[in-house]
Amino acid sequence: MDTAMDIKLTVNGEPVAEHVDARTTLVDFLREGLGLTGSHVGCEHGVCGACTVRVDGEIVRGCLMLAVQCDGATVETIEGLSDSGEVADLQAAFEQRNALQCGYCTPGMIAAAQDLLVQAKKNKTVPTRDAIREHLSGNYCRCTGYHAIVDAVEAVAQARAGGK
Amino acid sequence: MKPAPFAYQKARTLKEAVALLAKHKDDARLLAGGQSLIATLNMRLSAPDLLIDINGIKGLDGIARKGKFVEIGALARHAQVEHSDIVAKHAPLIARAMPHIGHPAIRNRGTFGGSVAFADPAAELPACVLALGGEIAIAGPRGTRTVKADAFFKGLFETALRPQEMVTAVRVPAADRNTRTGFAELARRHGDYAIVGLAATARAAGKGLADVRLAYFGVGDTPVRAKKSEAMLAKGDIDGAVATLDLDPNDDVQATAAVKKHLAGVLLRRVAAQLMEAA
């Protein structure tokens, strides 16, 4: 039985073909195989959310999915979200409101916040502070106490709703 | 930490998955949502030789009303169940529990069948299926069989599943206008495993309740029925139900047994109020 296999996937819009060990998690593959170190490895058992990435449009724990499971998938990391400008307003709001200090949790936080805002747009709603807290409940920040993070996401949620 | 090496094989059909399980038995693990399995692999609490990925098997993720039952396919993702109109309408207890399961990123991957088969004693869904008096559909090398929830959860992470078998679906009785449900849990952080939780069902009977089923989680090796309290609640005696709670939790990393017992009573009062709403 093979403990490694070939996979083909799309990462941040670019085709990738690699030979990976079956045991390699998605986040380790992204960081060590592709050099995309924006996704962080915190707890490695699904608690902290620092490894949050998007697979086929849905946020997942990069540490609780194997790279081999992503054969044929479309993966987006914070580098892709950032380069496309999709989260530029969230990034600016985080900076403006000091919603990060060490920054370790920020890529996962932005990915989870963007997921909420995409859903809100689809449902034509503006998330409340409670809804923001609940959606970000799977992302640990050990610096800020969350208040500024919720402020930043709320400001962007309102700006996006008002601007449309 | 990183997982120990293992081989990986995608099963395209149920038959193929069962054949692989029959061949490799305890050396293999089924990979469904992976939200518990991959964590245990990462921590090397588990080191199988082979992962059999069942995510590509078609037809195992349906949610449908079938006669008197709601059938939820083993591969239905938590997020899919959470947003299902059929579940909201016909299985309201499960709809109530869904937002408490993990976090959005985890609910996008985790599966209904995986949660039931893994049988974590602090997980919400095994307790819900027990409270509902549901049944678990199982496929194995000798065909299919069905096991009632009351007989499915046998011990700590131990179920009636044999090594060559897998869960294919879970069926719960569809709610009617007399169905009452209640759900509450206490966790350190929203979405974390509960310190104590309670899933409950009952039937409205006149001004009171009948057929009360209370299934606690986080207080034993399996989800646990509190049968004495069920009888008290059916008599409308909430104080009596709390006083007769015969749970025997152990201390764990989250709370002592004494705290858990106290919290179980607190939850019982909250859930009793939910059951009696509009009863």
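Colleague: Where in chain B is Gly197(B) found?

Modeller: Gly197(B) belongs to strand 12 of chain B, which covers residues 196-205; helices here are DSSP runs of H or I with at least four residues, strands are runs of E with at least two, and both are numbered from the N terminus. This is a predicted model, in which local features need pLDDT of at least 70 and side-chain atom pairs count only at pLDDT 80 or more, while totals for chains, interfaces and linings use all residues. Residues are numbered from 1 along each chain as its sequence is written, and chains are lettered from A and ligands numbered from 1 in the order in which they are written.

Colleague: Is Gly197(B) buried or exposed, and which residues, beyond four places away in sequence, does Gly197(B) touch?

Modeller: Burial is a count of other C-beta atoms, placed from the backbone, within 10 Å of a residue's own: 20 or more is buried, 12 or fewer is exposed, and anything in between is partly exposed. Gly197(B) is buried because 28 other C-beta atoms lie within 10 Å. Leaving aside residues up to four places away in sequence, Gly197(B) touches Glu124(B), Ala127(B), Ala184(B), Glu185(B), Tyr216(B), Phe217(B) and Gly218(B), where a contact requires C-beta atoms, placed from the backbone, within 7 Å. The C-alpha atoms of Gly197(B) and Ala187(B), 10 residues apart in sequence, are 8.5 Å apart in space.

Colleague: How do Leu41(B) and Glu158(B) read by the burial count, buried or exposed?

Modeller: Leu41(B), in helix 2 of chain B (residues 37-42), counts as buried because it has 26 C-beta neighbours inside 10 Å. Glu158(B), by contrast, is exposed, with 11 other C-beta atoms within 10 Å. Glu158(B) is found in strand 9 of chain B (residues 158-159), and its C-alpha atom is separated by 8.9 Å from that of Asp221(B), 63 residues apart along the chain.

Colleague: How should I read the packing of helix 4 of chain A and helix 6 of chain A?

Modeller: Two packed helices are described by the angle between their axes and the distance between the axes. Axes are lines fitted to C-alpha atoms, for helices over the stretch in contact, and angles run from 0 to 180 degrees between N-to-C directions. Helix 4 of chain A and helix 6 of chain A (residues 147-162) have axes that come within 11 Å and cross at roughly 30 degrees. That makes the two helices roughly parallel, a label for angles under 35 degrees, with over 145 called roughly antiparallel, 65 to 115 roughly perpendicular and the rest oblique. Helix 4 of chain A contributes Met109(A), Ala113(A), Leu117(A), Ala120(A) and Lys121(A), while helix 6 of chain A contributes Ile149(A), Val153(A), Val156(A), Ala157(A) and Arg160(A). By class, this contact has 8 nonpolar, no polar and 2 charged residues; nonpolar means Ala, Val, Leu, Ile, Met, Phe, Trp, Tyr, Cys and Pro, charged means Asp, Glu, Lys and Arg, and the others, Gly among them, are polar.

Colleague: At what angle do helix 3 of chain A and helix 4 of chain A pack?

Modeller: Helix 3 of chain A (residues 88-96) packs on helix 4 of chain A at about 125 degrees, with the axes 10 Å apart, and the two are therefore oblique to each other. Leu90(A), Gln91(A) and Phe94(A) of helix 3 of chain A meet Thr106(A), Ile110(A), Ala113(A) and Gln114(A) of helix 4 of chain A, and the residues of this contact divide into 4 nonpolar, 3 polar and no charged.

Colleague: How many residues does the contact take from chain A and from chain B?

Modeller: The contact takes 28 residues from chain A and 26 residues from chain B. On the chain A side, the elements giving two or more residues are strand 4 (58-61), helix 4 (106-123) and helix 5 (129-135) of chain A, and strand 4 of chain A supplies the largest share, 4 residues. The residues of that side divide into 11 nonpolar, 9 polar and 8 charged.

Colleague: How many helices and strands does each chain have?

Modeller: Chain A has 6 helices and 5 strands, and chain B has 12 helices and 14 strands. Buried residues make up 48% of the 164 residues in chain A and 49% of the 279 residues in chain B.

Key:
Contact = placed C-beta atoms within 7 Å.
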